[in-house]
2 protein chains.
Amino acid sequence: MELSARQEAILAQVVQSYISLAMPIGSELIAQKLPAKTSSATVRNEMAALEDLEYLTHPHTSAGRVPTAKGYRYFVERLMEQSDLAPAEKRMIQHQFHQANLDLEQWMKLAASVLSRTAQTAALVTAPRASQSFFKHLQLLSISDSLILVVLVLRDGTVKQQMIAAPQPAPSQEELAALASGLNGKLEGLDAQQISTLMTIANGVEAQVLDRVATFMHEINHTGNLEVFRDGLSLILQQPEFKESPRAERLVHVLEVGTSMGRVLDEATSANGVQIVIGGDDKFNDMQDVSLILSRYGVADEATGVLAVLGPLRMPYGRAISTVRYVASVMDGLVEWIYK
Amino acid sequence: MELSARQEAILAQVVQSYISLAMPIGSELIAQKLPAKTSSATVRNEMAALEDLEYLTHPHTSAGRVPTAKGYRYFVERLMEQSDLAPAEKRMIQHQFHQANLDLEQWMKLAASVLSRTAQTAALVTAPRASQSFFKHLQLLSISDSLILVVLVLRDGTVKQQMIAAPQPAPSQEELAALASGLNGKLEGLDAQQISTLMTIANGVEAQVLDRVATFMHEINHTGNLEVFRDGLSLILQQPEFKESPRAERLVHVLEVGTSMGRVLDEATSANGVQIVIGGDDKFNDMQDVSLILSRYGVADEATGVLAVLGPLRMPYGRAISTVRYVASVMDGLVEWIYK
DNA sequence: TTTAGCACTCAAAAAGCGAGAGTGCTAACA
DNA sequence: TGTTAGCACTCTCGCTTTTTGAGTGCTAAA
């Protein structure tokens, strides 16, 4: 269904006004804001049409209009003019990243913090991971006479430690070092599947180690096993739409366990550019009253993470999008520099 | 100020009733519950006395009484009879831990989840760390021709990875391995201070590595740098006292950044047994409307973490305390088994 | 097709009004 | 002297009623 130019202008005004005022928008106000001189009655007619098309709703008969999720989507996709972060803000963000060490974890925390402060809502950042994991290096350390610490490094830089129970009598540190160095030779560059098959012909400590390694690599491939940094949760709770507690609870719940969240982040990993999910895009019921602005970052295939900003539907999309885009570009640079 | 036996009985009843009913408690109700036959008028007199002593308050003139933070404290410290988790519940918890792998991280997540589900509120778990960190092992991996991945393992099992920029021309993997093995010999068992001094007489890559190692070990000693697992945040928001949004916001904020939180957790690390902080204990303004039940766990000095349950003042202390105590004992066993 | 005009609707705010829970006080009582 | 019955008093809560005003939808004229 095509909208007329005037309808588009009205929709845009309603969305913008509602975003900044946070209360239903009447025909009078829009009539004033419209560039072409138009009466409120005309605006009313058009608004009624937009309501039939489901771009707007009524909280009740005698209230102004409020955009629907569909309305926001139309606005974001076709009506909104792209904006960009002010150079000063960009510089400030750059500066903060330059202050930090060469430490991915610090960068991620920083990215979450910057996103949430700049966009004034909650932010999520997931660690950059390869789409498929490959073995890089293994270290076996004798912790006690019954425990061995396995430290596994994957090609994308993921590090995972885990204990395994040592057989009795326990192998010495030297024996372990020898075993590790043997395995490192054999496993270099292999994927989870290949290690699994190797496992079947091993035994003793070696089999235990291979089992742990293969299991972890499988896990990380499938469930995502994503390490997520959050920030600014309290900011989003300040928004008027989350003042009524059931909504706030649902929101926190989504953020906390979030199978939906996981799926959305997953999808974003394989998409390009800035993704926008408004009101769960009719796919995720538990995200009906939030919007997400997401972007992948990193080096394709080698190490991809996701940045996300999460706010109410009534979100300053322009600013949020440009913030996400910019932080993603900064992170791109950092990660690229690592994985060249 | 000493309370009479009857005053104590009344205070106890008020606290218990308020915890279960979540509404101000009148003299009539208490008079009925009291073992010795007492008139409501007498209860009223005593309540007025308890109010003068600041164990109770009034929301308004014609409402029942509500315990103050001081009242809760008195109740918890002197009036409450210790309870214990039902054997069936203990078994269920045990069972869940036995299901898990030999993986500290999994245990911590599980502990947070168990705590929050059993006590029906939010829970926090920090990783077990030594009070002072000692070097155990180091690994240097060449990631690209300009980056080196440093993997550092401390005696308490902490693993930390970080990149450093490689000098040009970049050392080969063999050179790095040789350097690492040399360092491992020299640094084994040293503390942050000793490594710092060694650093001054090193140069090149070695100095860079030592710098990163020393810095990280210092950091972990001081700022705590605690890795925290949370769970059940949405549960606490369901409590009636957090229905009004400003409180909810403050709560989330405390949980999120929480310098107060950090201090409380820190204090709990060095204390013994179950700690209880009610309404911030007059020290932490931002925790005025929450109570914390904390316990350290692990092996003293070698690896100590903290378990905490966080709820409204009107919290089922008995159950929360026994849950925390029990989960701490389970975690004690697990960690002890590791660090023997 | 647009617009002025107007009746109509409905939420939200203000006002009024018991009802009732619970108190504090006083005076009698054991 | 401590306890209790009795009672006036106070305020919140829940309910209904009124008022207000923003904003609509419709109609009829331009």
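Trainee: What makes the five strands of chain B an open sheet, and in what order do they lie?

Mentor: In this predicted model, the strands follow the order β7-β3-β10-β9-β8 in chain B, with antiparallel pairing. The edge strands, β7 (228–231) and β8 (274–278) of chain B, each pair on one side only, and the sheet is therefore described as open. Neighbouring strands are turned by 15 degrees against each other on average, direction ignored.

Trainee: How do you know that β3 and β7 of chain B count as paired strands?

Mentor: Two strands pair if at least two bridges are found between them, and four bridges join β3 (residues 122–126) of chain B to β7(B), so the two strands meet that condition. One of the residue pairs is B:Leu124 with its bridge partner B:Arg230, which lies in β7(B).

Trainee: Which helices of chain B lie against this sheet, and what are their angles?

Mentor: Helix α6 (residues 104–119) of chain B packs on the sheet, where it touches β3, β7 and β10 (303–312) of chain B, and its direction makes about 155 degrees with that of β3(B). Helix α13 (residues 317–339) of chain B lies across β8, β9 (290–299) and β10 of chain B, and runs at about 20 degrees to β9(B).

Trainee: What makes the surface near DNA strand C count as having 11 polar residues?

Mentor: Each residue is placed in a class by its type, and Gly is counted among the polar ones; on that basis the surface has five nonpolar, 11 polar and four charged residues.

Trainee: Which residues are closest to DNA strand D, and which helix gives the most to the surface near it?

Mentor: Of the 19 residues that surround DNA strand D, the closest are A:Gly26, A:Ser27, A:Ser62, B:Thr42 and B:Ser62. Helix α3(A) gives the most to this surface, with four residues, and the residues divide into five nonpolar, 11 polar and three charged.

Trainee: How many residues does each chain bring to the contact between chains A and B?

Mentor: The contact takes 32 residues from chain B and 32 residues from chain A. On the side of chain B that touches chain A, 16 residues are nonpolar, 10 are polar and six are charged.

Technical notes:
Residues numbered from 1 in each chain as written. Chains lettered and ligands numbered in written order. Predicted model: local features only at pLDDT ≥ 70, side-chain atom pairs only at ≥ 80, totals over all residues. Contact = placed C-beta atoms within 7 Å. Axes fitted to C-alpha atoms, helices over the stretch in contact; angles between N-to-C directions. Near = placed C-beta within 6 Å.
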